[in-house]
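This report describes selected helices and individual residues of one structure. The sequence and coordinates are shown first.

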Amino acid sequence: MHTIVGTKKIGLLPADGIGKEVMPCVVKVLEALKAPFEYVNLDAGFECFERTGTALPDATVEAAKKCDGLLFGAVSSPSHKVEGYSSPIVAIRKKLDLYANVRPVVSSPVPGSLPGIDALIIRENTECLYVKDETIEDTPTGKRAVAKRVITEAASKRIAKLAYQMALKRASLHNRQGKVTIVHKSNVLSVTDGLFRESCLAVAEASELHSIKTEEQLVDSMVYRLFRDPQNFDVIVAPNMYGDIVSDGAAAVVGGLGLVPSANVGDEFIMCEPVHGSAPDIVGQQKANPIAMIRCGAMLLEHMGMGKESVAIEEAIQEAMHAGTLTPDLGGTATTTEVADFIAKRAVEIF
Ligand code: ATP
Ligand code: MG
């Protein structure tokens, strides 16, 4: 492929299920906008595991490291334990030190979305109960099972710093005060969640962050408030597992999993992936909503300094919603491809 100066190399990991159906949609939109990207196809996922014996081949990791950014589709998680299989997405986050999962949760003009929501969930990605090699989970007798999780001051402060920086940035862009909500359960888990909470509060003490309001929510109350009063949140920061649960809940109040993108970010690198999974129940039926994946492309563009292209994509998505060009999850009858074609065409015209 011809490489122009400034071309960025983007690794594509469609992986499993509807990941394979929505990945071509985002590429279509990016190509329509002539984004200066060179694409590299990379193998990963459960199907890759069944084919090759590994869910994340070394060659994929090596090639991914040479890219400027990655787009990930979705990975199937088998409901039973499969010997030798572990999630490639968790491994990739760890190998590339993508320590934060950033999920914008914004109201949409679709049935099922409440109005006035504009929140950013920042989930810690590298520790807590989901990170297999640090979580000790065991059941020696089969009758009693134990899980021990790791929470560190360093990882908690790192994620809190990102949350406060994002709150500052959003406050200056949108001319609002800015608020960070720290999610934990330190009244019960006083040692681990207590450390997370104290680390976040220590970061909040930094003088340049005093303009940002800080509030705390116990995770159960957080879920309640999210459903009752979702407009009240700005930046939300949470340890890995609470962040996962809170973000699926948040997706429910803005129109569903088919709409919400996320970015896994490290100091140097970004990998964007939709919040949804591989959706085996709708695979191969042209029912997958491609908007979450297309929004991942917009996040990638914004991260790489192409804000105008990113805004054009979001405006085209809003038009598709107003026009009722929607997949069945949003009550429409359009196919995956029809939605993507509409957005690609309008994004170019708007741009
Ligand atoms: P996985 O183990 O891969 O997460 P899952 O069975 O949990 O698979 P999800 O992908 O998490 O499935 O989806 C949960 C529900 O939301 C499913 O009913 C699925 O069809 C629906 N869904 C998820 N993503 C989309 C999408 N992009 N478009 C339409 N429906 C979706
Ligand atoms: Mg799922």
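## Helix H8 and its surroundings

Gly255, which lies just after H8 in this predicted model, takes a positive phi of about 110 degrees. The helix itself has 14 residues. Its first and last C-alpha atoms lie 21 Å apart, close to the 20 Å expected at 1.5 Å a residue.

The buried residues of H8 are Asn240, Tyr242, Gly243, Asp244, Val246, Ser247, Ala250 and Ala251.

## Packing of H7 on H8

Helix H7 (residues 219-228) packs on helix H8 (residues 240-253) at an angle of about 10 degrees, and the two axes are 10 Å apart. Because angles under 35 degrees count as roughly parallel, H7 is classed as roughly parallel to H8. The crossing of H7 and H8 is right-handed.

On the H7 side, the contact is formed by Val219, Met222, Val223, Leu226 and Phe227; on the H8 side, these meet Tyr242, Val246, Gly249, Ala250 and Val253. By class, the contact of H7 with H8 comprises 9 nonpolar residues, 1 polar residue and no charged residues. An α-helix has 3.6 residues a turn, so residues three or four places apart point the same way.

H9 is followed by Gly305, which has a positive phi near 85 degrees.

Of the 13 residues in H9, 11 are buried, and the helix is thus mostly covered. These buried residues are Ile291, Ala292, Met293, Ile294, Arg295, Cys296, Gly297, Ala298, Met299, Leu300 and Leu301. They pack against helices H1 (19-32), H10 (307-322) and H11 (336-350), and against strands S3 (69-74), S11 (261-265) and S12 (270-274).

## Packing of H9 on H10

The axes of H9 and H10 come within 7 Å and cross at roughly 160 degrees. Since angles over 145 degrees count as roughly antiparallel, H9 is roughly antiparallel to H10. The crossing of H9 and H10 is left-handed.

From H9, the contact involves Ile291, Ile294, Arg295, Gly297, Ala298, Leu301 and Glu302, which meet Gly307, Glu309, Ser310, Ile313, Glu314 and Ile317 of H10. The residues of the contact of H9 with H10 divide into 6 nonpolar, 3 polar and 4 charged.

Gly11 is part of strand S1 (residues 8-15). It counts as buried because 22 C-beta neighbours lie inside 10 Å. The C-alpha atom of Gly11 is separated by 5.8 Å from that of Tyr39, although the two residues are 28 residues apart along the chain. Leaving aside residues up to four places away in sequence, Gly11 touches Val40, Leu42, Ala63, Ala64, Cys67 and Leu70.

Thr336 belongs to helix H11, and it counts as buried because it has 23 C-beta neighbours inside 10 Å. Thr336 and Ala288 are 48 residues apart along the chain, with 5.6 Å between their C-alpha atoms. With residues up to four places away in sequence not counted, Thr336 touches Glu21, Val22, Cys25, Gln286, Lys287, Ala288, Pro290 and Thr327.

Terms used. Residues numbered from 1 in each chain as written. Chains lettered and ligands numbered in written order. Predicted model: local features only at pLDDT ≥ 70, side-chain atom pairs only at ≥ 80, totals over all residues. Axes fitted to C-alpha atoms, helices over the stretch in contact; angles between N-to-C directions. Helix = DSSP H or I, 4+ residues; strand = E, 2+ residues; numbered from the N terminus. Parallel < 35°, antiparallel > 145°, perpendicular 65-115°, else oblique. Left-handed = near helix turned anticlockwise from the far one by under 90°. Contact = placed C-beta atoms within 7 Å. Nonpolar A, V, L, I, M, F, W, Y, C, P; charged D, E, K, R; others polar. Buried ≥ 20, exposed ≤ 12 C-beta atoms within 10 Å, placed from the backbone. Expected span 1.5 Å × (residues − 1).
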